[in-house]
Structures are given as structure tokens and as C-alpha cells.
Amino acid sequence: MKLEARGLTRRFGGLIAVADVSIELRTGRAHAVIGPNGAGKSTLVNLLFGTPRPDEGRIFLNGTDITLLPAWRRSRAGIGRSFQRTNLFPAMTVLENVRLAAQGSVHGWRLLRGAREDRGTRDTAVAALDQVGLTAFASDLAGALSHGQRRLLEIALVLATSPGVLLLDEPLAGLGAEETAPVVTLLRTLATNFAMLLVEHDMDVVFAVADEITVMVDGRVLETGTPDAIRRSGPVRDAYLGHRE
Amino acid sequence: MTRLGPRGNLFLAAAALVLASMPYWSGLYDMQLASTALIAAMFALSLQILTGAAGLVSLAHAGFFGVGAYTVYLLGAGSIFVTLPAAMLSAGIAAAVIGPIALRTRGFYFLMTTLAFGQMLFFLFHDTPLGGGADGVFLTRPSMMWTVTKSARPAVFLLLNLVTLSLMYLGLWWLMGTMFGHALLGIRINEDRMRATGHDVQRLKLIAFIVSGALAGLAGHMAALTDAFVSPEILDWHHSAEALLMILLGGIGVLHGPIVGAFALTLVREFGQSVTERQRLIEGMVILAAVLLLRRGLAGWRR
């Protein structure tokens, strides 16, 4: 799969949140987007998912223009996104959370099949839970999970929609050091099978997972390159990495 | 919103049997009262799949009830096998016309949009020749498979309304167990997440709106059949609010809540009328107490 964005621009009033950003995602490559707060990383993810639409620029999925497609159609077309703030159905069980996500592409009379009886969505959900390692918690309420487990469930919900492209908006947000390790392992596995966009603050994670890195500052792309090139880049050090040292 | 399990349904079935046996032990007046409660229960239950399941609070619902009821009047005399599907169809069509526009809005704005559409339907029957007058009109009852004598009417209508409500409940109970039903629950809890996982939220809401409208039309049909009288008042938004009140009183979190709420409110109203002329005061206090003390409604008091 290939997701390609050309010249995306989005303004909010007088503020330009994303300015002329182009990016390309391919299966088997993890593309990280880094940058200081307010650089427009989350807005970029939102634009790629269609909420909101860009003011300028176009988005192509496998060569087809999807710029005007609503979010739910993008999901059905194979783009999955996770949210920075955990976004679940807290009163439902873990399994039902994922099953409901797997049900997203079901339409027509098949919707009148029993939710508990339907094999297809259940099997997809079980597989997604297995992939993130939450099988043991399938019958717990989502609201009762620990923060780390919720972040994993957040990813399982995306995987259950059978995507080819993963847009992950800070999957490690708020995780402690011990909780980070299993998610990083999962991300590395996913990176080989999906076209992945990873927005992340933790540089260790970014350098461990990403094949390519785009640095954003003030809505613009400062530089795109391999992790090594980014590490060595002078402007990036000055504008972003330098602040951490 | 949850559904009752087998044991709870057995309890409802027992209550239905008690109502079904009323012709053997109760007077005509009480049977008519039971019919009133059964029709109110159908009306509130039809709204529950919007409000309880999908989280949509609509004030247009009485409009669909009225369209169903007035369909009986507009068809003149006819067989119940014609008037009943016709009432559901016309109410369903009204919902299919209003739904796509109203559902473009959310929350408070949805409430106000449905209020406006509901009142448009009200004025259509209140102020145009179509409805036969602002004071209401008597109608010829649809014919059934056999002739019903005047003295047998309360018992026959009681049973007919009981069967209709039971079928509606069973149908919705089944529906809430399907993937469609689960999708509605998902929309109430987290609409954005539903969109993000590929659900066609607008379409799902519209289908729920139409099904709910058609079932309100069915309730309206049964009201017209039972009373042989329709008036524009049944389309007024107060009537929609009453259904919402019944849902709140009975329990918004359980499918059968509106049935409990409808019976409770009908009985409270009847009791109020028997002890004072200010029966609304008693109604109000009971509702206030129930909402404050039983946050899950009468049907949810155990949990």
C-alpha cells in the first residue's frame, strides 16, 4: 500500500497549522514525524484521515485521489488511525471494543446478524487482541484497564479494521518506562507489515522504529531523511534536537 | 442500554399474562386504562432505540405518532391489514424525509431541529383542511377479521394492544442483539471512534430514525383504532416530551424501561386525578423523586 500526500496546507483562522507538507508512506516502512509541540504533527495525521480536509494539496491512496473521502470511507479503504488521547468504549468489554471496530466495514443486511454469533468480526477481533497481547483481558471492561493496556487496546482497535496504512498519533503518550517496552516491540513488528506513520516525542523510540524521519517546525517540513541523516543534520539540531540537550 | 436476560423476559411475560387476563376480573374502565398505558408504552418504546440506544433525543417523535394516527382517518374505513401497514409506512416516510436534515445536527441543535419539524407536522394537521379541524375528528374504525360488539371493545382492544406491544418489544429485543443494535450503542458512547473505524454513522442513525418513526406510527395507529378519535394535540411536542419522561422514569439504560415508565406514569396520573384536581402536581413530584432517587429509573433500581 502507498499513501501519498502532496502539498497539504491547513489554516485555522490566521494560523497556518500545516504548510505545504508532502509525505509518502509505503508498506514495510515506518515513517516518523517529529517536531516540537504545535509543529502541526497531529494536524497532519488528522488531514491524512480526512478530519478536517486540507485547504490545499491532495492525498492519494495507491494512486487514487482520496482528498475528499470522509473518514469512515478512508477506514474502509484501508487507512487506520489511533488517537493521542485514548478513545475507547469504556463501558464495553475489551473484546466488544475490538469487535465493534472490526464491524466497521460490515454493511447491508449482514448487520442484522447477531453481534455475539457473528464469526467473522469475532475472529478478526480475537486476532487483533492476540497481536497486541491483550487476549487475557478480553472479557474485562475497557474502562478497567491500566493506562498501558488502554494504549495497546487503542492500537488493537485500529488493527481490527484490517488496515494497510497505520497512522499512529503518539501511541506511547503517558506511558512509563516499563510500559513503553512492549509497545515499542509491537511497533517494530507492525512496521514490517504496514505502511506506518508514527508521531512520537520519545526520540529513543523514534530512532528504534523509524526507517525515515520527517522533522516539522511551525507547520513546515524542516527536513526528511534516514534516522542517521536526521541525527547528523545541523538545522535539525538547532531547531529541535538541540533543545533537549 | 442493555437488554433483559431470559429471567427478566419471563417476568415481563408474566406481567403480560396478568394484563391478558383482565377481561375475566376487571371492569371496562380499567381495561381502557390498560389500553392507554399499552399505547403510551409502544410510543415510548419506539423512541427508546433512538434515545436509549443511539443517544438521540428527538422532539419530532409525536409527529410520527400523529402521522400514523391520522393515516387511519385519511384512509376512511378500511381493513386493519391495510391501515396498519399504511400508518407505519407514512410515518416511516415522514421520518425518512425529516431524518436526513435533522441528523446533520448533533446534541442541542438536533433537539431544536426535531422540535421545529415536529411542530411543522403539528400545524399541518392543526391548521390545514387535511386534518379535519383543530379540535380533532372522530373516525370510522378499521374493520378487523370479525365484528366487535361495543361491549366487547375494551377487552378486544386491550388484547390487540398487548399483542402489538409484545411483538414490538420482541422485535426490538432481537434488533438490539444484532450488529446493527451494537453499532447504535457504539454511536451513543463514542461517535467519532465509530467513524474512525469505518462505520457509516449517518446511515446507521438514519435507519434507526426511520425504524423508530415507523414504530411510532404503529403506536399512533393503535391509538386511533382504540379511541376512534384523533386530534392535533397528539402531534404536539408536549407529547414527545411525555415519551422522553416515560423513558427517564422507567430507565434510559434498559430496553424495557419505557414500558415500565409508561405504566408508572399512567397509574400515577390516574391516582392523581382520583385524589385532586391538581394531578399535575403529583405527577411532577413523583417524576422528580424518581429521577433524583433512582438515577437509572424504576426498571434499573436493583443495580
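Predicted model: local features only at pLDDT ≥ 70, side-chain atom pairs only at ≥ 80, totals over all residues.
Local features need pLDDT of at least 70 and side-chain atom pairs count only at pLDDT 80 or more, while totals for chains, interfaces and linings use all residues. Residues are numbered from 1 along each chain as its sequence is written, chains are lettered from A in the order in which they are written, and side-chain values use heavy atoms, with hydrogens and water left out.

**View 1. An open sheet of four strands in chain A has the order 2-1-4-5, with antiparallel pairing.** Strands are DSSP runs of E with at least two residues, helices are runs of H or I with at least four, both numbered from the N terminus, and two strands pair if DSSP finds at least two bridges between them. The edge strands of chain A are strand 2 (15–26) and strand 5 (64–65), each pairing on one side only. Two bridges join strand 5 of chain A to strand 4 (residues 56–61) of chain A, and Leu61(A) has Thr64(A) as its bridge partner.

**View 2. Strand 6 (residues 79–82) of chain A is covered on both faces.** Ile79(A) and Arg81(A) on one side, and Gly80(A) and Ser82(A) on the other, are all buried (under 20% relative accessible area, 1.4 Å probe, protein chains only). Four bridges join strand 6 of chain A to strand 7 (residues 165–169) of chain A, and the two run parallel; the bridge partner of Arg81(A) in strand 7 of chain A is Leu167(A).

**View 3. Helix 4 (residues 61–75) and helix 5 (residues 80–102) of chain B cross at roughly 135°, with axes that come within 8 Å.** Axes are lines fitted to C-alpha atoms over the stretch in contact, and angles run from 0 to 180 degrees between N-to-C directions. Helix 4 of chain B and helix 5 of chain B are therefore oblique to each other, since angles under 35 degrees count as roughly parallel, over 145 as roughly antiparallel, 65 to 115 as roughly perpendicular and the rest as oblique.

Technical notes: Buried < 20%, exposed > 50% of the residue type's maximum accessible area, 1.4 Å probe, protein only.
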